[in-house]
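These are notes for a colleague who is opening this structure for the first time. Please read the numbered points with the model on screen.

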Amino acid sequence: MSGLFIVCLSGQREKLQFAAMTASVAAVSGTEVSVFISMNAFPFFIRGHGKEASAEGAMGEIMAQKNVLSFYQIFEQAVELGDAKVYACSMAMDIMEVKETELEGIVSGAMGLTRFLSDAEGAQILIF
Amino acid sequence: MSGLFIVCLSGQREKLQFAAMTASVAAVSGTEVSVFISMNAFPFFIRGHGKEASAEGAMGEIMAQKNVLSFYQIFEQAVELGDAKVYACSMAMDIMEVKETELEGIVSGAMGLTRFLSDAEGAQILIF
Amino acid sequence: MSGLFIVCLSGQREKLQFAAMTASVAAVSGTEVSVFISMNAFPFFIRGHGKEASAEGAMGEIMAQKNVLSFYQIFEQAVELGDAKVYACSMAMDIMEVKETELEGIVSGAMGLTRFLSDAEGAQILIF
């Protein structure tokens with residue numbers, strides 16, 4: 001009912017790309033979108049970290065060759081044009097010893113899983 | 001509320017098998033099921049492409065040895081017996097340069113992500 | 001509406017860890033949680049089977065080094081403190097030729113996919 005909640009765990013190109021496209025499409029069409037970044041998706045949102053994700057299969061390899069907009073650029077668009085919010089999982093930050101000031105500018109801030117699940121109560125949650 | 005929306009991204013046997021079983025069980029019990037095929041799940045739905053998915057782990061290997069109905073056969077049943085609809089992601093078709101006439105018969109047609117998400121508004125979406 | 005339904009398919013540490021944390025957080029905060037164990041997540045719930053899942057990426061490796069509570073311990077907490085229910089997929093049991101008496105004590109019993117999907121009708125379903 002109240003928005004779309006996207007959880008990114010995988011560090012693979014295909015999953016990140018599809019998650020980003022979903023966030024972008026939904027945000028631009030007026031849905032409130034919250035993206036929760038954890039596990040192997042998390043490092044890409046640390047400032048200065050590379051934004052190239054490794055491919056899981058043939059589709060990821062072809063996307064890497066062709067000039068497809070990268071997942072990171074699509075997330076940027078979702079935030080800038082569609083007002084999607086990207087949150088970093090506070091547990092992932094603890095484990096990797098990353099502070100909030102070290103995160104990329106498109107990240108709105110740190111969030112705990114408890115808060116995220118509470119905000120997402122009754123809404124659509126997609127796990128990537 | 002209005003149906004079950006299944007997104008297949010992974011090209012691995014276990015994920016495809018479970019997605020197909022879910023589509024089949026739901027469709028046969030009267031739920032309207034829409035399956036959206038993209039990323040590494042997409043090539044299996046190109047006419048003439050092999051239908052053997054590689055195993056992610058022990059379960060996929062055992063399923064390959066035993067005479068378990070394949071994910072593709074289960075999707076066929078979901079479409080034939082349960083009236084599930086299978087749609088090919090138009091972005092995946094563009095990237096792989098595949099035309100609608102080259103898709104398998106169980107695919108109802110091409111669909112964009114925007115349309116799929118709009119149709120799925122407020123309903124259950126499962127990402128595989 | 002009625003509870004949170006979690007499906008564990010992946011045998012990778014990151015996915016299992018996040019699924020377990022989600023189950024635990026939701027259960028402890030009063031949500032009815034049902035966890036359905038299948039595919040490569042299933043063997044970990046056979047009595048005596050190792051509880052170490054292999055890492056998918058950097059985060060899983062760091063978690064393995066640090067003294068993070070394991071996914072299995074978190075599932076135990078979800079069951080003991082939060083009254084979450086863990087069910088073994090009857091199809092996975094058939095394929096692996098495992099009987100209900102061979103399952104770990106935290107598993108409430110075997111369940112078919114048809115029953116699980118029926119129980120989950122209209123509720124949040126998360127696929128890991």
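1. Copies are superposed here by least squares on the C-alpha atoms of residues with pLDDT of at least 70 in both. On that basis, chain A is superposed on chain C by a rotation of 120 degrees, with 0.0 Å of shift along the axis and an RMSD of 0.0 Å. The copies use different surfaces, since 8% of the contact residues of chain A recur in chain C.

2. The model is a predicted one. Its scores are ipTM 0.96 and pTM 0.98. For chain A the mean pLDDT is 96, and 99% of the residues in chain A reach 70 or more. Where pLDDT is low, predicted coordinates should not be read in detail.

3. How is chain B related to chain A? A rotation of 120 degrees, with 0.0 Å of shift along its axis, superposes chain B on chain A at an RMSD of 0.0 Å. The two copies are therefore related as by a three-fold rotation axis. Only 8% of the interface residues of chain B are also interface residues in chain A, so these copies meet through different surfaces.

4. The contact between chain A and chain C involves 24 residues of chain A and 21 residues of chain C. About 1,800 Å² is buried between chain A and chain C, and carbon and sulfur atoms give 75% of that area. Which residues of chain A lose the most area to chain C? They are A:Met39, A:Asn40 and A:Ile95, which together make up 33% of what that side buries.

5. Across the interface of chain A and chain C there is 1 salt bridge by the rule applied. A:Glu97 and C:Lys66 meet in a salt bridge through their side chains, at 2.6 Å from N to O. The interface of chain A and chain C also has 7 residue pairs in polar contact, both residues being at pLDDT 80 or more.

6. Several elements make up the side of chain A that touches chain C. At least two residues each come from α4 (90–96), α5 (113–119) and β5 (124–127) of chain A. α4(A) gives the most to this side, with 5 residues. By class, the side of chain A that touches chain C divides into 15 nonpolar, 6 polar and 3 charged residues.

7. The contact between chain B and chain A can be read in the order used above. Chain B contributes 24 residues and chain A contributes 21 residues. Between them, chain B and chain A bury about 1,800 Å², with 75% of it on carbon and sulfur atoms. On the side of chain B, B:Met39, B:Asn40 and B:Ile95 supply 33% of the area buried against chain A, more than any other three residues.

8. How many salt bridges does the rule find across the interface of chain B and chain A? It finds 1 salt bridge there. B:Glu97 forms a salt bridge with A:Lys66, and the closest N and O atoms are 2.7 Å apart. Polar contacts between chain B and chain A number 7 residue pairs, with both residues at pLDDT 80 or more.

9. The elements that give two or more residues to the side of chain B touching chain A are α4 (90–96), α5 (113–119) and β5 (124–127) of chain B. The largest share, 5 residues, comes from α4(B). That side of chain B has 15 nonpolar, 6 polar and 3 charged residues.

10. Over all chains, a search of the whole structure finds 18 salt bridges. One pair to look at within a chain is B:Lys15 and B:Glu56, which form a salt bridge with the closest N and O atoms 3.9 Å apart. B:Lys15 lies in helix α1 (residues 13–28) of chain B, and B:Glu56 lies in the loop between β2 (33–37) and α2 (58–65) of chain B, so the pair ties together parts that are 41 residues apart in sequence.

11. Two backbone angles deserve a check on screen. Most residues other than glycine have a negative phi. B:Asp83, which is not a glycine, has a positive phi of about 65 degrees. B:Asp83 is placed in the loop between α3 (71–82) and β3 (85–89) of chain B. C:Met39, also a residue other than glycine, has a positive phi near 45 degrees. C:Met39 is found in the loop between β2 (33–37) and α2 (58–65) of chain C.

Definitions and conventions: Residues are numbered from 1 along each chain as its sequence is written. Chains are lettered from A and ligands numbered from 1 in the order in which they are written. Side-chain values use heavy atoms; hydrogens and water are left out. Contact means heavy atoms within 4.5 Å. Buried area is the accessible area (1.4 Å probe) that two parts lose on being put together, summed over both. A salt bridge is a side-chain nitrogen of Lys or Arg within 4 Å of a carboxyl oxygen of Asp or Glu. A polar contact is a pair of N or O atoms within 3.5 Å; within protein, one must be able to donate a hydrogen and the other to accept it, and residues adjacent in sequence count only if both atoms are side-chain atoms. Helices (H or I, at least four residues) and strands (E, at least two) are DSSP runs, numbered from the N terminus. Ala, Val, Leu, Ile, Met, Phe, Trp, Tyr, Cys and Pro count as nonpolar, Asp, Glu, Lys and Arg as charged, and the others, Gly among them, as polar. pLDDT is the predictor's confidence in each residue, from 0 to 100.
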